[in-house]
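Q: Please walk me through reading this structure, one feature at a time.

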Amino acid sequence: MEDLSNVKNKLLAERAEEQLLRYIQKEPVAVGEKLPNEFKLGEMLGVGRSTVREAVKSLVIKGVLEIRRGSGTYVVSTAAGRDDPLGVRNATDKLALALELVEVRLLLEPGIAEMAAIHASAEDVHRLKKFCDRVEEKIKSGEDYIADDIEFHTCIARCTGNTVMEQLIPIIDTAVMMFVNVTHKKLTEETVRTHRMIANAIADGDFVGARTAMTMHLTYNREKIKRMMDERRAESFPVS
């Protein structure tokens with residue numbers, strides 16, 4: 001028979017997990033944002049740090065949180081209990097995964113941008129430009145812009161007015177976060193310029209321009225990853 005103290009600890013961890021997930025969804029804590037530290041989470045949830053760790057670990061397994069060594073715990077999805085349908089979260093070669101994800105984005109997002117230019121409302125455009133401005137402001141001030149970058153691309157998908165497109169948002173979110181993380185935010189000038197081109201084209205209803213600008217944006221991303229892979233290969237097999 002399982003020890004009663006173990007059963008109690010499991011129940012506490014499960015309840016803390018539910019409370020933490022509700023906090024993420026209701027606050028809301030945006031994808032890419034960092035959670036408070038263990039001590040503050042423990043105070044907020046009314047449990048000890050070991051229980052907080054168990055709750056966080058469970059949400060990491062379910063693809064809601066990600067622990068970045070030396071940095072903290074970040075939200076990577078706000079979907080309750082969402083499994084990893086693509087099986088990519090535990091991939092060891094993040095650079096190769098980033099390349100595959102950007103290639104999938106090249107298939108999807110130019111068409112999404114085109115549809116957004118056709119269907120976006122005035123309110124959609126206002127929201128899109130707000131995220132575009134935020135990314136640019138944070139890049140210029142040296143702040144972390146990943147959450148707003150993700151929101152920018154998420155907003156484009158929502159501008160389409162297509163409910164099925166909502167199902168693609170977690171894939172896009174994962175791809176954006178993966179790219180920014182592996183490239184260490186080194187394509188900032190290109191990001192600002194192409195984001196502005198995409199937003200302006202959608203605002204003008206220029207569906208060809210929106211598709212073209214998104215293709216350019218993602219091509220810059222793909223070329224950067226390819227260069228990094230070439231550099232890694234050269235370091236692994238130096239010419240004597």
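A: Let's start with aspartate 93, which counts as partly exposed at 30% relative accessibility (buried is under 20%, exposed over 50%, partly exposed in between, with a 1.4 Å probe and protein chains only). The model is predicted, so local features need pLDDT of at least 70 and side-chain atom pairs 80 or more, while totals for chains, interfaces and linings use all residues. Residues are numbered from 1 along each chain as its sequence is written, and side-chain values use heavy atoms, without hydrogens or water.

Q: Which residue does aspartate 93 meet in a salt bridge?
A: A salt bridge is a side-chain nitrogen of Lys or Arg within 4 Å of a carboxyl oxygen of Asp or Glu. Here the partner of aspartate 93 is arginine 232, at 3.0 Å from N to O. Aspartate 93 sits in the loop between β2 (72–75) and α4 (94–119), and arginine 232 in helix α9, so the pair ties together parts 139 residues apart in sequence. Arginine 232 is partly exposed too, at 33% relative accessibility.

Q: How many helices and strands does the protein chain have?
A: Nine helices and two strands, taken as DSSP runs (H or I, at least four residues; E, at least two) and numbered from the N terminus. Their order is α-α-α-β-β-α-α-α-α-α-α. Of the 240 residues, 41% count as buried.

Q: How do I read empty space inside the model?
A: Rolling a probe the size of a water molecule over the atoms shows where empty space is left. A cavity is a set of points on a 1 Å grid where a 1.4 Å probe fits but cannot get out, and lining residues have an atom within 4 Å of a point. This structure holds one cavity of 30 Å³ or more, and the largest cavity has about 80 Å³ of space. Its lining has 14 residues; Asp149, Phe179, Val180, Thr191 and Asn221 lie nearest the centre. Helix α7 gives the most to that lining, with four residues.

Notes: On a 1 Å grid over the protein atoms alone, a cavity is a set of points where a 1.4 Å probe fits but cannot get out, and a pocket is an open set with protein on both sides within 12 Å along at least five of seven lines; lining residues have an atom within 4 Å of a point. Grid points are joined across faces, edges and corners, and a volume is the space filled by probe spheres set on the points.
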